[in-house]
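Trainee: Could we go through this structure together, one step at a time?
Mentor: Gladly; have a look at it first.

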There are 2 protein chains.
Amino acid sequence: MDLLLLSNSRTHGHGYLEHVRDEITEFLAGATELAFVPYALRDHDGYTATVADALRPLGVTVTGVHTAADPGAAIDAAPAVFVGGGNSFRLLKTLQHTGLVEAIGSRVRSGALRYMGASAGTNMACPTLRTTNDMPITEPASFAALGLVPFQINPHYVDPDPSSTHMGETREQRITEFLEDNDVPVLGIREGGLLRVRDRSARLGGVKGARLFTRDAEPREFVPGDDVSFLLSGTPRFDAPA
Amino acid sequence: MDLLLLSNSRTHGHGYLEHVRDEITEFLAGATELAFVPYALRDHDGYTATVADALRPLGVTVTGVHTAADPGAAIDAAPAVFVGGGNSFRLLKTLQHTGLVEAIGSRVRSGALRYMGASAGTNMACPTLRTTNDMPITEPASFAALGLVPFQINPHYVDPDPSSTHMGETREQRITEFLEDNDVPVLGIREGGLLRVRDRSARLGGVKGARLFTRDAEPREFVPGDDVSFLLSGTPRFDAPA
């Protein structure tokens, strides 16, 4: 299994995917065809063009799966897939509707398909979308996602702002609420950070670190380069009140 | 129908519900018993004690519906209910599980029960929880909520911060995504603001205003005191792509 899970696709001051060009080249390992899943945004053609423009300098040809009569067949023929960010509820609902939850999941697990996700696309690699930051603008059939890793990721992780007067929950408070109801680790990856998974190995990369939240323990900090393979051997327990 | 819908229960620099004491007194119209729904937080007893302490100076006795053998019967006996804030997914799931969606909804619509909500409790007064800010930490049976008003509210509404370098969506961007998939007005009420509904009349109150988002129109600003009764006569259309 080969996963490149990005916290975000665009970092402040940089173009789309510009901050991770080297990582994408390494991840593709010579593959020059990439299937793109644009469902998290409404403008599928425009979104696919953005990704194609960003990856053309790397010699990669991008095809939106929405242009295929059978998106599942397009996945079956591709060496790598990129699931782009946007709204994760809309994304998951469309992955369910098109049968891509199964088509992508089984091929990635078999090792035949490399999986790259950004933001909402990274949420999809988790067992559920329960740690997304997105607004639930539409209702998927269930919250179950691809489950390529056995823990949850919170992309775009932001530290609390001590100067804020806003009374809405901080990200850390939201994840703490998640841990009250679920016994599942949550890896909050800051913008610019990423997680690279190869079979039983998981390592942080990019330029920013991550904060790991687990029930009944203090949060732990990790920096790019750190090995977090231990997260791959856990068993998530959802709806397991503390 | 008599609704007091608060953007938030605690305003920066003030105690719990302290910023709306006068509004609560007016809303209760002499009623001294209040049923409290604490399901949005895990500590039901502690949450109920917080509310009871806050409302004791107003001469109001607060009883948590979680202490009743039959929460629906507790609702049937109460002149007013307060649904407190916290996580709106957890709240809605518990309202569904306990049958309170129907018990509260029918009594409020009949005019027999006054409804006060804060934050997640205000989300519940809408047709769905699709404009909550909360993390989907658990999965309700559906996103359908009480539907006491025919439009959506976004509580804790915050304006975009032009100095931010964070790439996560602004609140306005999230609501714009909602409007791509749904043709339903969204009233973003800033912290300190509230909406008072009496039968066919709706008026903003509190100390902060609201921003109204509708499909194919520029957002409109409203200030405390403004009449927004026109929102009560619309017909929401969910899952109606633009």
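What follows is a set of questions and answers about the two chains and some of their residues.

Mentor: Before we start, keep in mind that this is a predicted model, where local features need pLDDT of at least 70, side-chain atom pairs count only at pLDDT 80 or more, and totals for chains, interfaces and linings use all residues. Residues are numbered from 1 along each chain as its sequence is written, chains are lettered from A and ligands numbered from 1 in the order in which they are written, and side-chain values use heavy atoms, with hydrogens and water left out.

Trainee: How many residues of chain A are in contact with chain B?
Mentor: Contact means heavy atoms within 4.5 Å. On the side of chain B, 45 residues take part, and the number from chain A is 45.

Trainee: What is the area buried between chain A and chain B?
Mentor: Buried area is the accessible area (1.4 Å probe) that two parts lose on being put together, summed over both. Carbon and sulfur atoms give 52% of it here, and the total is about 3700 Å².

Trainee: By what turn can chain A be laid on chain B?
Mentor: Copies are superposed by least squares on the C-alpha atoms of residues with pLDDT of at least 70 in both. The RMSD is 0.0 Å and the shift along the axis is 0.0 Å, with a turn of 180 degrees. That relation is the one given by a two-fold axis. The same surface serves both copies, and the share of contact residues of chain A that recur in chain B is 100%.

Trainee: Which element gives the largest share of the side of chain A that touches chain B?
Mentor: Helices (H or I, at least four residues) and strands (E, at least two) are DSSP runs, numbered from the N terminus. The elements that give two or more residues to this side are α4 (88-97), β6 (152-157) and α7 (171-181) of chain A. With seven residues, the largest share comes from α7(A).

Trainee: Are Asp181(B) and Arg90(A) buried or exposed?
Mentor: Their side chains meet in a salt bridge, 3.1 Å from N to O. Asp181(B) lies in helix α7 of chain B and Arg90(A) in helix α4 of chain A, so the pair joins two chains. Buried means under 20% relative accessible area, exposed over 50%, and partly exposed in between (1.4 Å probe, protein chains only). Asp181(B) and Arg90(A) are both buried.

Trainee: What covers the buried residues of α4(A)?
Mentor: The buried residues of this helix include Phe89(A), Arg90(A) and Leu95(A). The cover includes β2, β4, α5 and α6 of chain A, together with α4 and α7 of chain B.

Trainee: How many residues apart are Asp2(B) and Arg196(B)?
Mentor: Their side chains form a salt bridge of 2.5 Å, N to O. Asp2(B) sits in strand β1 and Arg196(B) in strand β8, so to speak distant parts of the chain, and the separation is 194 residues.

Trainee: Is Glu221(B) buried or partly exposed, and what is its relative accessibility?
Mentor: Glu221(B) meets Arg211(B) in a salt bridge of 2.9 Å, N to O. Arg211(B) is buried, with a relative accessible area of 18%. Glu221(B) counts as partly exposed, at 41%.

Trainee: Which side chain does Ser229(A) join in a polar contact of 2.6 Å?
Mentor: Ser229(A) lies in the segment after β11 of chain A and is buried, with a relative accessible area of 17%. A polar contact is a pair of N or O atoms within 3.5 Å; within protein, one must be able to donate a hydrogen and the other to accept it, and residues adjacent in sequence count only if both atoms are side-chain atoms. The partner of Ser229(A) is Asp227(A).

Key
Salt bridge = Lys/Arg side-chain N within 4 Å of Asp/Glu carboxyl O.
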